[in-house]
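The stops below go from the whole chain to single side chains.

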Amino acid sequence: RLHDSTNNADRFIVNTDGHVDITGNLDVGAGLDVTGNLDISSGNLQIGGTNVLNSGRALYNLESLKLADSKIAKFGSSDDLQIYHSSDISRIRNTNDSGTLKIQATSNGENAINIVPNGTVELFYDGTKKLETYSHGIRANQNIDIQGSAYLDDANVTNSTGILHFGDSQDLQIYHDGSDSRIKDSANLKITTNNLVALNYAETQ
């Protein structure tokens, strides 16, 4: 036991079970090897005079946090969120199959991307969902503005692929079956125009 008589305080105590209590700052000029636990009951752990860990187990003032390949940063009581890099692949993994992985773009938690395990992926604009995947493909909730070209493979009518569908009941269909191009409508097909002109493929007649 080392006692500070000036301040009437014990500064260094070796207890009967072997652990050491230090009250006040510990300045280490060389290396410090710790076998067992380093318990900070109050105050902060400093490196180079800068606080990096407090008794509330909060890390701060770090310039970087470096993990080697395949070493995982885990978040949550059950390690639900994991971030790591392995070889040439970087991964963000949600290990909770019943929880949604959300990427939020604003300070108030506005959704940008929602990823549901074994389900949909949702894309948002300014907090409003615009595009989502589902079991048959993708679904746009508003307009689709195509700056380039849109391509569809030859239609498979049996599997209903390669077909443009219009209407709640998919009444109007436009597709190419590999030989012929088809426009089909289960009701009346009305074409409204000032002048209807039909040309051959070369547009020569």
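Predicted model: local features only at pLDDT ≥ 70, side-chain atom pairs only at ≥ 80, totals over all residues.

Residues are numbered from 1 along each chain as its sequence is written, and side-chain values use heavy atoms, with hydrogens and water left out.

Colour next by pLDDT, the predictor's confidence in each residue, from 0 to 100. The protein averages 88, and 100% of the residues score at least 70. Confidence is lowest in β3, at a mean of 78, and highest in strand β10 (residues 111-115), at 97.

Now switch to a cartoon of the protein, where the secondary structure comes to zero helices and 16 strands; helices (H or I, at least four residues) and strands (E, at least two) are DSSP runs, numbered from the N terminus. The radius of gyration is 33 Å, well over the 17 Å that the globule rule gives for 205 residues, so the protein is more spread out than a compact globule; this radius is taken over C-alpha atoms, and the rule is 2.2 Å times the number of residues to the power 0.38. Along the principal axes, the C-alpha trace spans about 110 × 35 × 30 Å. Of the 205 residues, 10% count as buried, a class that means under 20% relative accessible area, with exposed over 50% and partly exposed in between (1.4 Å probe, protein chains only). Among contacts (heavy atoms within 4.5 Å) between residues at least 6 apart in sequence, 1% join residues at least 24 apart.

Select Leu-2, Phe-12, Val-14, Val-20, Ile-22, Leu-26, Val-28, Leu-32, Val-34, Leu-38 and Leu-45, which make a nonpolar surface patch of about 940 Å². The elements that give two or more residues to this patch are β2 (9-14) and β3 (20-22). Patches are made of residues with over 30% relative accessible area and no salt bridge, like charges being joined within 9 Å and nonpolar side chains (Val, Leu, Ile, Met, Phe, Trp, Tyr) within 5 Å. Val-14, placed in strand β2, counts as exposed at 52% relative accessibility.

How many salt bridges does a search of the whole structure find? The search finds five, each being a side-chain nitrogen of Lys or Arg within 4 Å of a carboxyl oxygen of Asp or Glu. Show Arg-182, partly exposed at 36% relative accessibility, together with two of its partners: Asp-177, whose closest N and O atoms with Arg-182 are 2.9 Å apart, and Asp-180, for which that separation is 3.9 Å. Salt bridges that share partners also join Glu-122, Lys-129, Glu-132 and Arg-139 into one network.

Finish with backbone angles. Most residues other than glycine have a negative phi. Ser-70, in the loop between β5 (50-54) and β6 (73-75), has a positive phi near 70°, and Ser-87, in the loop between β7 (81-86) and β8 (89-94), has a positive phi of about 55°.

Terms used
Areas by Shrake-Rupley, 256 points an atom, 1.4 Å probe, with all protein chains shown as cover.
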